[in-house]
Amino acid sequence: MSSPPPDAGTVAAVTVTVRPWPLFIDIAALSLPISVSDATYRINKNLRYFAGNYALIILSILLISLIVQPILLVLFLIIFVGWIYLYFSRNEPLELFGFDIDDKFVLGFLTLVTLAALLVAKIWMNIFVSIGFGIVIMCVHGSLRAPEDQEDSPYGALLSESPRGNYSIV
């Protein structure tokens with residue numbers, strides 16, 4: 001029994017782009033934020049722009065932390081490939097023995113497999129520490145890297161380099 005293809009207007013495609021690494025690591029774009037609101041603005045903009053890069057960094061930290069347990073490393077690499085192939089890289093429904101498999105079923109199955117592997121392996125603390133370390137790296141990079149469209153900041157002249165602000169607008 002096959003389901004009809006989803007309407008293009010009701011399904012939003014989630015695409016995560018990995019930006020070029022030289023752009024991500026550009027030393028010339030690093031500067032200290034001038035306020036906490038500027039830092040949160042930068043983190044928000046950079047998180048949206050470099051989401052793929054941050055995800056790869058966090059995944060790499062997680063996989064590096066599993067190097068001391070090679071069996072678990074191979075297991076989670078297989079699960080990761082399963083997620084990429086079965087869920088993230090498909091544009092059409094998964095077909096098995098002539099039947100279309102709903103994305104919700106695939107998501108549920110992959111989630112159960114991942115949680116079962118985590119429960120059997122007992123590496124929760126390793127995962128939390130790795131993800132926490134990745135989030136710290138993400139926040140530090142995100143707050144130090146000035147976005148390309150800094151002039152479009154919602155804070156406008158409040159983020160001026162001058163301690164007196166930009167009064168030419170008034």
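Analyst: Start with burial: a residue counts as buried under 20% relative accessible area. Asn 53 has a relative accessible area of 0%, so Asn 53 is buried. Bear in mind that this is a predicted model.

User: Where does Asn 53 lie, and what is Asn 53 in contact with?

Analyst: Asn 53 belongs to helix α3. Neighbours within four places in sequence aside, Asn 53 is in contact with Thr 17, Val 18, Arg 19, Trp 21 and Phe 24.

User: What makes Phe 24 and Phe 50 an edge-to-face pair?

Analyst: Two values decide it. Ring centres must lie within 6.5 Å, and planes over 60 degrees apart count as edge-to-face. Here the centres are 5.1 Å apart and the planes stand at 80°, so the pair is edge-to-face. Phe 24 sits in helix α1, while Phe 50 is in the loop between α2 and α3, 26 residues apart.

User: How do you know whether Phe 24 and Phe 50 are buried or exposed?

Analyst: The cut-off for burial is under 20%. Phe 24 has a relative accessible area of 7%, so Phe 24 is buried. Phe 50 has 0%, so Phe 50 is buried too.

User: How many aromatic pairs are there, and which residues do ring pairs link into a cluster?

Analyst: The whole structure has 6 aromatic pairs. Trp 21, Phe 24, Tyr 49, Phe 50 and Tyr 54 are linked into a cluster by ring pairs.

User: What sits over the ring of Tyr 49?

Analyst: The charged end of Arg 19 does, at 4.0 Å from the ring centre. The distance limit is 6 Å, so that value passes.

User: Why do Asp 38 and Arg 42 count as a salt bridge?

Analyst: The rule asks for nitrogen and oxygen within 4 Å. Asp 38 and Arg 42 have an N to O distance of 3.5 Å, so they qualify. The count by this rule is 1 salt bridge. Both residues lie in helix α2, 4 residues apart, about one turn of the helix. Asp 38 and Arg 42 are both buried.

User: How do you know that the span of helix α6 agrees with its number of residues?

Analyst: Helix α6 runs over residues 124-144, which is 21 residues. At 1.5 Å a residue the span should be 30 Å, and the end C-alpha atoms are 30 Å apart, so the two agree.

User: Which residues of α6 are buried, and what covers them?

Analyst: Ile 127, Ser 130, Gly 134, Met 138, His 141, Gly 142 and Ser 143 are buried in α6. Their cover includes α1, α2, α3 and α5.

User: Where in the chain is confidence lowest, and where is it highest?

Analyst: Strand β1, residues 94-96, is lowest at a mean of 78, and α2 is highest at 92. Over residues 1-14 the pLDDT is below 50, and this stretch has 5 contacts beyond near neighbours in sequence. Where pLDDT is low, the predicted coordinates should not be read in detail. The chain average is 78, and 78% of the residues score at least 70.

How values were computed
Residues numbered from 1 in each chain as written. Predicted model: local features only at pLDDT ≥ 70, side-chain atom pairs only at ≥ 80, totals over all residues. Heavy atoms only, no water. Helix = DSSP H or I, 4+ residues; strand = E, 2+ residues; numbered from the N terminus. Expected span 1.5 Å × (residues − 1). Buried < 20%, exposed > 50% of the residue type's maximum accessible area, 1.4 Å probe, protein only. Contact = heavy atoms within 4.5 Å. Phe/Tyr/Trp six-rings, centres within 6.5 Å; stacked < 30°, edge-to-face > 60°. Lys NZ or Arg CZ within 6 Å of the ring centre and 35° of its normal. Salt bridge = Lys/Arg side-chain N within 4 Å of Asp/Glu carboxyl O. pLDDT = per-residue confidence, 0-100.
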